[in-house]
Amino acid sequence: MRALWFLMIAVACSACTEASLYSPAAPRKEADRLALTGRVCTEDPNEARFPLRVILLVDQATGLLFSDIDPASTRVDTLRELVQIGVGNPELQIAVVGFAGRPKKLAPTTGNFTRNPGELFNAVTTLSLPENCISADLCRDWPEAIRTARTLIEGDLALSPAGKRVLTQYIVLHIVAGPPVPLTDGAACCSADDIQCQDTNMGPSWGCETQLDAAAVASMKNLVLDKGAAGLRYHTIQLASPNAPAGESDFIQAALQQIAFAGGGTYQRFNDIAGLSLPAVNVLSLRTVLESKLLIASNVNAIPGPDGPELDSDGDGLTDAEELIAGTLPTLRDTDGDGVSDSVEVLSGLDPLLAEIPRACENINLFSDRDLDGLSDCDELLLGTEPTLVDSDGDGLPDRLEVVSSIDYLAADAEADSDGDGVNNGDEIAQHSDPRSTDVRLHLPFGYRYEIEDEGFTTELFAQNPAIITGVNFGVVSGGTTPGLGTLFYNSTDGTLAWQDASDPRPGPKVVVSAGGEFELWSSSFAEIQGDSGKRVFITVDAAELVGRDITEDVRVIFRERQCLTYTIRNIRLVETLELDDGTPAGTNDIRVFFSEMPEGRFRAPGPFRMAQIPITYRPPTERDPPEAILEVLNTEFVRPVLSNDP
């Protein structure tokens with residue numbers, strides 16, 4: 001199973017005195033023990049609309065591009081269509097750079113990227129105007145164009161909070177119609193002390209040019225990864241002319257292929273500009289695929305201790321017994337109301353009974369928790385963790401669970417064994433045992449048990465929800481649906497919707513949706529006998545959100561790739577909590593399930609988390625609400641924090 005280091009091997013039950021308690025075939029009978037089951041999938045970055053930053057790096061040098069390759073500016077029309085798609089996605093921002101002698105940022109006028117349609121369309125139109133080279137010896141500067149792209153990305157990375165960076169994908173679309181002038185001197189690729197190499201490699205060199213440009217793109221990609229972003233795709237497109245000097249187009253091709261390879265992107269060559277269509281350049285869907293990293297459950301109100309779970313009624317990280325000793329309230333997370341939870345004040349050497357706003361928290365919302373991990377932003381600033389990341393050190397363990405367990409939350413130590421009991425910290429946190437004490441004898445009666453099946457990656461069609469026809473959400477898309485732009489027709493007069501598949505000449509039958517609910521829309525070619533091989537979509541309609549005018553809107557249907565896990569987590573212990581000061585009833589247990597994702601094999605990098613929260617009320621000895629022995633948690637119950645650039 002890929003990247004699931006935390007899975008525990010089931011203990012044989014034949015020797016257990018409580019056989020029904022541990023048997024996978026039998027539900028829990030004890031009211032204080034709970035099991036969760038469900039199926040959870042990684043997010044497809046396109047469907048989830050993760051932040052996307054696109055740089056159009058476009059050759060604008062006068063010459064064959066304008067007189068021979070593309071005199072009608074077909075490339076500009078295609079890029080305009082690409083921008084049109086982009087401005088409809090609230091998470092996509094674009095920069096447009098033209099280069100001839102030197103690169104010029106055409107959009108945005110300020111900042112690094114923009115969604116402003118006026119700026120973007122004006123910038124793309126400007127690409128239809130030829131730019132003179134600085135001189136016959138300085139034209140179409142590839143290295144400087146690559147540096148410009150890097151500068152834009154560096155600026156954006158600097159402005160993005162870490163929790164947003166882990167979701168952000170950068171795409172560069174580098175379109176070239178001729179060689180760089182001048183070519184890099186071959187001696188530039190020799191080491192400084194290799195005089196013989198320098199003497200024998202003097203003069204223009206395609207090999208050296210390619211080597212340096214590819215290295216610059218690889219360095220850019222590494223920068224993006226080192227800063228914690230989701231990834232970089234550097235795509236190259238060659239517009240070739242049959243009238244170019246002999247061999248030149250092939251040299252350009254070889255160079256652009258290596259550059260694209262270094263940037264994890266694709267290379268395309270067009271000998272006929274008519275082939276440069278929107279599908280050819282629409283690389284927006286080529287995103288970094290997310291893999292599953294960790295699935296872990298925790299009862300926030302039951303802190304693992306050396307003798308079993310210990311009661312923490314307010315879930316602040318201090319047990320009720322510890323709060324009584326400290327004089328703090330076990331029914332209030334922040335006894336003195338200064339924005340710092342009681343446990344963090346104790347850890348930080350502050351007085352949990354004296355209301356004093358720490359200097360580090362003076363300019364933030366004291367009670368915000370942007371990453372939804374259970375630690376306030378102020379808590380995290382005092383602890384040194386990242387307020388926008390659930391897992392600051394990238395070891396797969398949520399910050400709050402590491403803080404409560406008193407293991408290192410600033411350095412990856414999931415594989416360490418802090419208490420020397422033969423079970424590493426990661427496994428102890430997952431099974432809700434104490435990584436600070438040799439409590440192996442308690443792992444059987446109190447440890448959580450995970451049964452997880454990795455379904456691997458599945459590829460399936462999905463439709464992006466419409467942006468203009470509000471109140472409509474797409475669900476299942478039939479396997480026979482054509483990828484591309486389908487069309488949704490809304491008639492406000494009769495309250496109907498109709499669907500037209502991308503390959504059909506007209507829409508299917510109208511369906512009345514004015515009352516809201518779940519509906520099936522057929523395209524015109526669909527026949528019921530076709531079943532899933534036909535062209536149909538399923539939608540959910542919120543009648544209150546429907547617009548009051550007729551609208552026709554294109555809807556993009558594309559493939560998504562997700563890794564899914566089917567799981568059951570058993571033996572989650574419930575505790576008898578006190579009624580809290582905020583009115584939370586006595587007996588309330590806050591059960592949380594954390595699902596960690598990671599970009600393509602980067603196991604050590606902090607990745608996005610989705611979390612599900614399941615409140616359970618336990619009234620000993622026999623009552624529990626809900627009463628089911630096994631509760632199902634739906635994939636849709638897992639939520640991801642939505643972050644802005646502002647604290």
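Okay, one definition before we start: buried means under 20% relative accessible area, exposed means over 50%, and partly exposed is whatever falls in between, using a 1.4 Å probe and protein chains only. What you have up there is a predicted model, where local features need pLDDT of at least 70, side-chain atom pairs count only at pLDDT 80 or more, and totals for chains, interfaces and linings use all residues. Residues are numbered from 1 along each chain as its sequence is written, and side-chain values use heavy atoms, with hydrogens and water left out.

Let's go to the disulfides. For the cut-off, I'm calling a disulfide any pair of cysteine sulfur atoms within 2.5 Å. How many does the structure hold? Five. If you count the bonded cysteines along the chain, the pattern reads 1-10, 2-3, 4-7, 5-6, 8-9.

Start with Cys41 and Cys564, which are joined at an S to S distance of 2.0 Å. The torsion about that S-S bond is about 105°, so the disulfide is right-handed. This pair ties together distant parts of the chain, with Cys41 in strand β1 (residues 33-41) and Cys564 in strand β18 (residues 551-573), 523 residues apart. Both Cys41 and Cys564 are buried. When I say helix or strand, by the way, those are DSSP runs numbered from the N terminus: H or I with at least four residues for helices, E with at least two for strands.

Next, Cys361 and Cys378, with their sulfur atoms 2.0 Å apart. This one is right-handed as well, with 95° about the S-S bond. It also links distant parts of the chain: Cys361 sits in the loop between α13 and α14, and Cys378 is in helix α14, 17 residues along. Cys361 and Cys378 are both buried.

Then there's Cys133 with Cys139, where the sulfurs are 1.8 Å apart. Buried or partly exposed, for Cys133? Partly exposed, because its relative accessible area is 23%. Cys139 has 6% relative accessibility, so Cys139 counts as buried.

Back to β18 for a minute. Two strands pair here if DSSP finds at least two bridges between them. Which way do β1 and β18 run? Antiparallel, with eight bridges joining them, and Leu34 stands opposite Ile572 of β18. Strand β11 (residues 449-463) also pairs with β18 in the antiparallel sense, over 14 bridges; there, Phe457 has Gln563 as its bridge partner. Strand β13 (residues 484-491) is antiparallel to β18 too, through seven bridges, and Leu485 is partnered with Arg556.

Last topic, the backbone torsions. The peptide bond from Ala107 to Pro108 is cis, omega near 0°, and Pro108 lies in the loop between β4 (103-107) and α5 (117-126). Another cis bond joins Asp625 and Pro626, with omega about 0°; Pro626 is in the loop between β21 (623-625) and β22 (630-633).

On the phi side, Leu372 is not a glycine but has a positive phi, near 60°. You'll find Leu372 in the loop between α13 (342-348) and α14 (377-383), and with a relative accessible area of 38% it is partly exposed. His432 isn't a glycine either, and its phi is positive at about 65°. His432 lies in the loop between α16 (425-430) and α17 (440-446), and this one is buried, at 10% relative accessible area.
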